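I opened my notebook to look up a few things in one protein model.

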Amino acid sequence: MKDIDGVETAQKIRKTDQKAIFIFITSYVRFISEACRVGTFQFLLKPVAKEDFGIDFERAVRSYKLNHEKRLFRQKDGSCIINISEIIYIEIYKKHLFVNTEKEKYDCIGTMAEEEKKLKMYHFAACHKSYLINLKFVKIIGIDNIELTNGKKIPLSKNCKSGVKSALNDYILECSV
């Protein structure tokens with residue numbers, strides 16, 4: 001690029017979009033450290049094999065979807081659209097499905113089984129018959145509860161404990177790749 005390089009461009013974009021995905025393709029190894037400081041998703045050295053780029057591009061698309069996918073939830077008086085990555089947990093109480101985000105609690109219509117099936121691919125796990133948690137918000141798994149990053153403690157049933165731990169391990173492994 002003529003007046004600005006890729007790292008500077010990424011720095012400017014990062015100021016307004018924390019979720020932007022950057023894949024740097026270059027023949028200059030000296031830029032790796034700088035590129036990593038802006039939260040680079042992948043750094044590829046030229047010449048890049050078509051297959052390698054394809055693999056990393058697919059990973060980037062999956063990552064983008066996980067962070068930007070929205071879901072339509074039915075409500076008594078209409079519907080609401082919620083960004084899946086903002087859902088901290090879902091609770092069912094007295095036949096009401098409550099979708100909890102950092103900013104708001106939505107009273108929706110649906111079943112826990114239906115939501116678990118739809119949200120599993122987005123790293124949600126059932127920790128109790130009445131709760132479905134977004135694994136990215138898990139802070140501590142205790143003996144009989146899960147503490148989330150917002151301080152909320154969610155019950156953890158014995159029947160769900162091993163499934164939650166396994167799902168959390170899978171989530172952590174996927175995030176570290």
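My entries follow, topic by topic.

**Ground rules.** I am working with a predicted model, in which local features need pLDDT of at least 70, side-chain atom pairs count only at pLDDT 80 or more, and totals for chains, interfaces and linings use all residues. Residues are numbered from 1 along each chain as its sequence is written, and side-chain values use heavy atoms, with hydrogens and water left out.

**Confidence.** I checked pLDDT, the predictor's confidence in each residue, from 0 to 100. The protein averages 91, and 98% of the residues score at least 70. I then looked at helices (H or I, at least four residues) and strands (E, at least two), which are DSSP runs numbered from the N terminus. Confidence is lowest in α2, at a mean of 85, and highest in β9, at 98.

I looked up which side chains of β1 are buried (under 20% relative accessible area; exposed is over 50%, partly exposed in between; 1.4 Å probe, protein chains only). In β1, residues 23-26, F24 and T26 point to one face and are buried.

Next I looked for the partner of β1. Two strands pair if DSSP finds at least two bridges between them. Four bridges join β1 to β2 (residues 42-45), and the two strands run parallel. I25 stands opposite L44 in β2. Between β1 and β2 the chain passes through helix α2 (residues 32-37), and this β-α-β crossover is right-handed. That means a clockwise path from the first strand over the helix to the second, with the strands pointing away from the viewer.

**Cores.** I searched for nonpolar cores, sets of buried Ala, Val, Leu, Ile, Met, Phe, Trp, Tyr and Cys residues joined through side-chain atoms within 4.5 Å. The largest has 17 residues. C127, I133, I146, L148 and V164 have the most contacts inside it. The elements giving two or more residues to this core are β5 (87-93), β8 (124-128), β9 (131-134), β11 (145-148) and α5 (158-176). Helix α5 gives the most, with four residues. Apart from this core lies another, of 16 residues, among them F73, I84, I90 and Y106.

I also listed contacts (heavy atoms within 4.5 Å). Not counting residues up to four places away in sequence, L148 touches I88, Y89, I133, F137, V138, K139 and I154.

**Salt bridges.** How many salt bridges does a search of the whole structure find? It finds three. Each one is a side-chain nitrogen of Lys or Arg within 4 Å of a carboxyl oxygen of Asp or Glu.

- R59 and D56 meet at 2.9 Å, N to O. Both lie in helix α3 (residues 50-68), three residues apart, about one turn of the helix. R59 counts as buried because its relative accessibility is 15%. D56 is buried too, at 9%.
- R71 pairs with E115, with the closest N and O atoms 2.7 Å apart. R71 lies in strand β3 (residues 70-75) and E115 in helix α4 (residues 112-119), so the pair ties together parts that are 44 residues apart in sequence. Both residues are buried.
- K139 pairs with E147, with the closest N and O atoms 3.9 Å apart. K139 is exposed, at 53% relative accessibility, whereas E147 is buried, at 17%.
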